[in-house]
Structures are given as C-alpha cells and as structure tokens.
Amino acid sequence: MKAIYLIGFMGSGKTTVGRALAKRLQLPVIDTDEEITKFTGKTISEIFKVEGESHFRILEAEMVRRLPVVNSIITTGGGIILREENRKWMKENGEVVFLYASPEETLQRLEGDQTRPLLLENKKASITNMIKERLPLYLEATNIKIDTTGKSINVIVQEIEQRLKIE
C-alpha cells in the first residue's frame, strides 16, 4: 500500500488523526516535524528563530523524501505544501489526504497554543490569511479532501478509509 500523507493547516488534526489511522490500519505513523527535531536536535521553534523559515522548509523537503513511500502514515507540517517539489513528491509517491477545518474551528483549536512560530502575533488574522493563501496549494496537492470541522476522530478515520477504499 502506498504511503498516506496527511496534509492541512496547523490544528486541522493531522497528528491526532494520523495516530488513530495508523492504529486502525496497523501501520507506523511518522511525523515530519518530529523527524526534523530528531535529526537536528532542535525544536521547530528554535529552527525558525535561529535559522529562519526558509531553512526549515529546506529541512522539511529533505525529510519528506527520506521517509517510506509504502505502508506508512506520514503526518506533515502545515506548510509542507508551500514548496511545489513537496506537493509533487507526495502526490506521485502516495495518497494525499487534505484535512480541512474552518478558520473558526482552527482558531478555537489553537487558542492556547504558544508553540507555533507563525502564529505568535494576532492569531485570528494570521490564521485567516494563511488558510486563504494556502488553500489552493492544499487542493493542488490533494487526492482527497476531508472536512474535520465538528467531527470526531473516529468519524474522520472512517471517512478516510472509505474514500481510500481500504478494507
């Protein structure tokens, strides 16, 4: 089975859904941000602060190519779709599932989160603008779009299975 890449804006549920889907399908789940942290020995926030977003995006592109392209669930950072090479790689090497949540729900999910370097100032405006900017890129990279707004993890996982026709 091809790898399943979960993409979407921060707070869309990629990590939580990825873990539940991996458990259900009995596959390993690999998080690109966690792998970058292991590889560099730095947190994502530290990389952004010291080396900048552009360096992080290079690390992200390298990491996605190092990961298995079969029998795995890959959860990605929200900005992985910013580079065309990543969108193309994931689509050619796996099934890409775009998890979408409304801007209102995203704001609610990220309310108390201080770990997101791109959301440190004016969260509401940042989230609204970034979702608007990134939506066409998510759609370009996607095989399947799942709206996670107001849905339980189990419902989302079942919907992914149905859409991917996994028995």
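Residues are numbered from 1 along each chain as its sequence is written, and side-chain values use heavy atoms, with hydrogens and water left out. Because the model is predicted, local features need pLDDT of at least 70 and side-chain atom pairs count only at pLDDT 80 or more, while totals for chains, interfaces and linings use all residues.

**Helix α3**

Select residues 44-51, which form α3; helices here are DSSP runs of H or I with at least four residues, strands are runs of E with at least two, and both are numbered from the N terminus. Ile 44, Ile 47 and Phe 48 are buried in this helix (buried is under 20% relative accessible area, exposed over 50%, partly exposed in between, with a 1.4 Å probe and protein chains only). Look down the axis of α3: its buried residues fall within an arc of 95°, so they line one face of the helix. The arc is taken from the directions between the helix axis and the C-beta atoms. Now turn to the other side of α3, where Lys 49 and Val 50 are exposed.

Gly 52 follows α3 and has a positive phi, near 95°.

**α3 against α4**

Keep α3 and α4 on screen: they pack at an angle of about 130°, with axes 7 Å apart. That makes α3 oblique to α4; angles under 35 degrees count as roughly parallel, over 145 as roughly antiparallel, 65 to 115 as roughly perpendicular and the rest as oblique. Axes are lines fitted to C-alpha atoms, for helices over the stretch in contact, and angles run from 0 to 180 degrees between N-to-C directions.

Which residues of α3 meet α4? Ile 44, Ile 47, Phe 48 and Glu 51 do, against Glu 53, His 55, Phe 56, Arg 57 and Leu 59 of α4 (contact means heavy atoms within 4.5 Å).

Go to Thr 148, in the loop between β5 (144-147) and α8 (153-164). Thr 148 is buried, at 0% relative accessible area, and its side chain reaches the backbone oxygen of Ser 12 at 3.2 Å.

Next, select Gln 26 in the loop between α1 (14-25) and β2 (29-31). Gln 26 is not a glycine, yet its phi is positive, about 55°. Its relative accessibility is 72%, so Gln 26 counts as exposed.

Finish at Asn 71, in the loop between α4 and β3 (73-75). Asn 71, also not a glycine, has a positive phi of about 50° and counts as partly exposed at 39% relative accessibility.

Key
A polar contact is a pair of N or O atoms within 3.5 Å; within protein, one must be able to donate a hydrogen and the other to accept it, and residues adjacent in sequence count only if both atoms are side-chain atoms.
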